[in-house]
Amino acid sequence: MNDDFSINNNSYVTLTMMNDIFEIQYMEKSNFTNNIQKLDADRYVVLNTGEIKEFDKSENRSENKNSLNQTMKSLRYLINANFSGQPNELWITLTFADSSLARNINTVYLCFNKFIKRLRYKYGKDLEYIAILEPHEIKDGDIKNWHGYHFHLLLKSNIRKNLFIPHEDFENVWGLGWCRIERLNNVDNIGAYLSAYLTNIEESSENSNNKGQKKYIKGARLWLYPKGVRLYRKSKGIKKPTRINMTYAEARAIIGVEPHYRKKIPIEIDDFQNTIIYEQFNRRRKKNLSKKKDSPIIGKH
């Protein structure tokens, strides 16, 4: 790992805690004042200059990369704070047999809301979830043949040690297409795994590398999300990750393992310059270091 930057032990950082995954964020220059004020849906005023500007609008999620990055970051945080591949967790894919239904974003979410009520009625109100909307790939390049959307559902019980729902029963409760039920017991960073999985499209076998590994086009499905659509929904029992401000030395003492990922982001806006450093830590990788990794990564239900 390239380590051409460091954080002083006495510098203040933000520590995000998500089960066995931790993230440290350090900003060289911190800003505690609000520099803009929203006027309406289209405009804002820069407080120190009085200048009125318009918000940058976009037609789909791929055009507003900053907004999308924040959404995916929040999603990763939520997933890792609530799901870690335990026996009381499931990963379900929900599809629609009717493509005309699957293309209507409002109908798709309406169907899901009715489904989750049926599921909780039959299998218990202790079920908590994160539901993530994903567009199908346009395999032949013709949008007219696009099948629409489907859901990835992360499901857990906070009172049961083991969660099991028979596949046939699950499909009957869903009732709109086929379902796939899996476990993520061998994925050590579920948030990163799913957020990458959701936005990338696998290239054809001819484009695989020499080792036979699959190649992916990053962000290739993002333009299929309409402007303003919610990429995910969650139940009330899904908790937010714990975030605390403390010194770097205090954060490292809590974590207790070395970082597996570092990133330095220089920021330059007009005459303003800043530097953000991210470090990520994964205790689970240390726990599994002496164990042989299973294949495939995803366990069966």
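Helices (H or I, at least four residues) and strands (E, at least two) are DSSP runs, numbered from the N terminus. The model here is predicted, so local features need pLDDT of at least 70 and side-chain atom pairs count only at pLDDT 80 or more, while totals for chains, interfaces and linings use all residues. Residues are numbered from 1 along each chain as its sequence is written, and side-chain values use heavy atoms, with hydrogens and water left out.

On that count, the protein chain comes out with 7 helices and 16 strands. Of its 301 residues, 43% are buried, where buried means under 20% relative accessible area, exposed means over 50%, and partly exposed is in between (1.4 Å probe, protein chains only). Contact means heavy atoms within 4.5 Å. Among contacts with a separation of 6 or more, 69% join residues 24 or more positions apart.

What sits in the middle of the largest nonpolar core? A nonpolar core is a set of buried Ala, Val, Leu, Ile, Met, Phe, Trp, Tyr and Cys residues joined through side-chain atoms within 4.5 Å. The largest one has 52 residues, and L94, F115, L119, L153, L155 and F170 are the ones touching the most other members. Helix α3 (residues 105-123) is the top contributor to this core, with 9 residues. Take L94: leaving out residues up to four places away in sequence, L94 touches F112, F115, H150, F151, L153, F170, W174, W178 and C179. Apart from this core lies another, of 14 residues, including V13, L15, F22 and I24.

Next come the aromatic rings. Rings of Phe, Tyr and Trp (its six-membered ring) pair if their centres lie within 6.5 Å; planes under 30 degrees apart count as stacked, over 60 as edge-to-face and the rest as tilted. Searching the whole structure turns up 10 aromatic pairs. One of them is F112 with F115, a tilted pair at 6.0 Å centre to centre and 50 degrees between the planes. Why are F112 and F115 separated by about one helical turn? Because they are 3 residues apart in helix α3. Both F112 and F115 are buried. For W146 and Y149, the ring centres are 5.1 Å apart and the planes stand at 80 degrees, so this pair is edge-to-face. W146 and Y149 are buried too. There is also one aromatic cluster, formed by F96, Y109, F112, F115, Y129, F151, F170 and W174.

Now for the empty space. Rolling a probe the size of a water molecule over the atoms shows where empty space is left. On a 1 Å grid over the protein atoms alone, a cavity is a set of points where a 1.4 Å probe fits but cannot get out, and lining residues have an atom within 4 Å of a point. Grid points are joined across faces, edges and corners, and a volume is the space filled by probe spheres set on the points. How many cavities of 30 Å³ or more does the search find? There are 2.

The largest cavity has a volume of about 80 Å³. Its lining is made of M18, N19, D20, I21, N80, F83, S84, V187, D188, N189, I190 and R284. Sorted by class, that gives 5 nonpolar, 4 polar and 3 charged residues; here Ala, Val, Leu, Ile, Met, Phe, Trp, Tyr, Cys and Pro count as nonpolar, Asp, Glu, Lys and Arg as charged, and the others, Gly among them, as polar. The second largest cavity has a volume of about 40 Å³, and F83, G85, Q86, E89, L90, W91, L154, R183, L184 and I190 line it. Strand β6 (residues 89-94) gives the most to this second lining, with 3 residues.

N19, from the lining of the largest cavity, lies in the loop between β1 and β2 (21-27). Phi of N19 is near 55 degrees, a positive value in a residue other than glycine. Most residues other than glycine have a negative phi. At 37% relative accessibility, N19 counts as partly exposed.

F5 is found in the segment before β1 (12-18) and is buried, with a relative accessible area of 11%. Beyond its neighbours within four places in sequence, F5 is in contact with R262, K263, K264 and I277. F5 and I277 are 272 residues apart along the chain, yet their C-alpha atoms are separated by 8.5 Å. P135, in strand β7 (residues 127-135), is buried with a relative accessible area of 0%.

How values were computed:
On a 1 Å grid over the protein atoms alone, a cavity is a set of points where a 1.4 Å probe fits but cannot get out, and a pocket is an open set with protein on both sides within 12 Å along at least five of seven lines; lining residues have an atom within 4 Å of a point.
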